[in-house]
Amino acid sequence: MNRVDGGTIPAATPAAQGYGAAAKGLHWLVVLLVLVEYIVAILMPDIGPRTQPGPLIDLHFSFGVVIVLVMAVRLFARLAAPVALDMPDAPAWERRSASLTHVLFYVLLIVAPFLGWASASAHSLPVSVFGLVPLPAIAAPRARWALVAGDIHKVAMWATLALIGLHALAALYHHFVRHDRVLLRMLPERRQGSSAKRERTLCERSAAPGSGGDAATREFDREGRGSGVP
Ligand code: HEM
Ligand code: HEM
C-alpha cells in the first residue's frame, strides 16, 4: 500500500511524484472560477422570500454548477492517478494539515453548492447553467430544511474562502521563505524549467574546483527539499 496525501491507496495505483499538465490546468481553472463566484456572491442581491431572478443570481448559480462539475472531474482524476505530497522533511502536523485541506476543498466545493441549490429551490428561483441547461428544483418552495441549508451554504462558503486564503499563504510561504519547490510543482513546466536550469547551474558551480562548492551544494539541497501546502 502507498501513502498518498496522508491516506492509503491500493498498491495497484502507484502515486505520481508531480502534477500533470491537466491537473495543474484544472487547479488554476478552479481558482479563476471560484474568484469570479465570490465576486458575484458579494455583488448579487440578498436572497429572501420576495427575491426575483436576475442576471447576477443566475451567474452565481451557473458558475456554482460549473465549479461542482470541474471539481468532480478533478476528484475522479485524482483518485485514478494519485499524487504524493512532496514533503519528506516536513513535520507530521504539516503533512496532515496539507492533506486535510485538500480533502476539505473537494468536500466543500462539491457538497456545499447543493445546499445553495436547495435554498434557491426553496426561494422558487430557477437554476440553470447560463440559461442553456435548466436544472430541476431539489426542494419544495419554502421548505424549512432547504432554508436552513441556505444558511449553512453561506457559512460554509465564507469558511472555504478563509481556507483558500490560508492555502495560498502557505504556498507563498513555501516559495518565498522556505525556498522549496512546493509552489513550483503546481506551476506550468516553463516556470519549472527555469528553476531546473538554476539547480543545474548550482550543481555545476558546486562541481567546479575552488568554486565555493560547499555553499552552492547546501543551497541546492535546501531547494531540492519539498514540503506541502496546507
Ligand atoms: C463553489 C460554488 C459556490 C460558492 C463559492 C458560493 C458562495 C456563496 C456565498 C459566499 C454566498 C453568501 C452571499 C452573502 O453572504 O450574501 C452564497 C449564497 C447563496 N448561494 Fe452560493 N456559492 C456557490 C454555489 C452555489 C450554487 C451552485 C447555488 C445554486 C444552484 C448557490 C446558491 C446560493 C444561494 C441561494 C445563496 C443565498 C443563500 C441564502 O441566503 O439562503 N450557490 N453563495
Ligand atoms: C480556489 C482556490 C483554490 C483551491 C480550491 C485549491 C485547491 C487545491 C487542491 C485540492 C490541491 C491538491 C491537489 C489536487 O488535488 O489537485 C491544491 C494543491 C496546491 N495548491 Fe491550491 N487551491 C486554490 C488556490 C491556490 C492558490 C491561490 C495557490 C498559490 C498561491 C495554490 C497553490 C497550490 C499548490 C502549490 C499546490 C500543491 C501542493 C502540493 O501538493 O505540494 N492553490 N490546491
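Q: What share of the 230 residues of the chain counts as buried?
A: 20% of them. A residue is buried if 20 or more other C-beta atoms lie within 10 Å of its own, exposed if 12 or fewer, and partly exposed in between, with C-beta atoms placed from the backbone.

Q: What kind of model is it?
A: This is a predicted model, in which local features need pLDDT of at least 70 and side-chain atom pairs count only at pLDDT 80 or more, while totals for chains, interfaces and linings use all residues. Residues are numbered from 1 along each chain as its sequence is written, and chains are lettered from A and ligands numbered from 1 in the order in which they are written.

Q: How many helices and strands in the chain?
A: Six helices and four strands. These are DSSP runs numbered from the N terminus, H or I of at least four residues for helices and E of at least two for strands.

Q: And which order do the elements run in?
A: From the N terminus on, β-β-α-α-α-β-β-α-α-α.

Q: Of contacts between residues at least 6 apart in sequence, how many join residues at least 24 apart?
A: 68% of them. Contact here puts the C-beta atoms of two residues, placed from the backbone, within 7 Å.

Q: Ligands next. What surrounds ligand 1?
A: 24 residues, the closest being Gly 64, Pro 113, Gly 116, Gly 150 and Met 157. A residue is near a molecule if its C-beta atom, placed from the backbone, lies within 6 Å of it.

Q: Which elements give two or more residues to that shell around ligand 1?
A: α1 (21–43), α2 (55–80), α3 (92–122) and α4 (144–178).

Q: How do the residues of the ligand 1 shell divide?
A: Into 14 nonpolar, six polar and four charged. Ala, Val, Leu, Ile, Met, Phe, Trp, Tyr, Cys and Pro count as nonpolar, Asp, Glu, Lys and Arg as charged, and the others, Gly among them, as polar.

Q: What about ligand 2, which residues are closest?
A: Val 34, His 102, Ala 168, Ala 171 and Met 186, out of 22 that surround ligand 2. The shell around ligand 2 has 14 nonpolar, four polar and four charged residues. At least two residues of that shell come from each of α1, α2, α3 and α4.

Q: How do α3 and α4 cross?
A: Their axes come within 8 Å and cross at roughly 150°. Axes are lines fitted to C-alpha atoms, for helices over the stretch in contact, and angles run from 0 to 180 degrees between N-to-C directions. α3 and α4 are therefore roughly antiparallel, a label for angles over 145 degrees.

Q: Which residues make that contact?
A: On α3 they include Thr 101, Leu 104 and Gly 116, and on α4 they include Ala 146, Gly 150 and Met 157. By class the contact of α3 with α4 has 14 nonpolar, eight polar and no charged residues.

Q: Switching to loops: where is Ser 124?
A: In the loop between α3 and β3 (127–129). Ser 124 counts as partly exposed because it has 15 C-beta neighbours inside 10 Å.

Q: And Arg 142, what is its phi?
A: About 60°, positive although Arg 142 is not a glycine. Arg 142 sits in the loop between β4 (133–135) and α4. With 12 other C-beta atoms within 10 Å, Arg 142 is exposed.

Q: Last one: Leu 43, buried or exposed?
A: Exposed, because Leu 43 has 10 other C-beta atoms within 10 Å. Leu 43 belongs to helix α1.

Conventions
Parallel < 35°, antiparallel > 145°, perpendicular 65-115°, else oblique.
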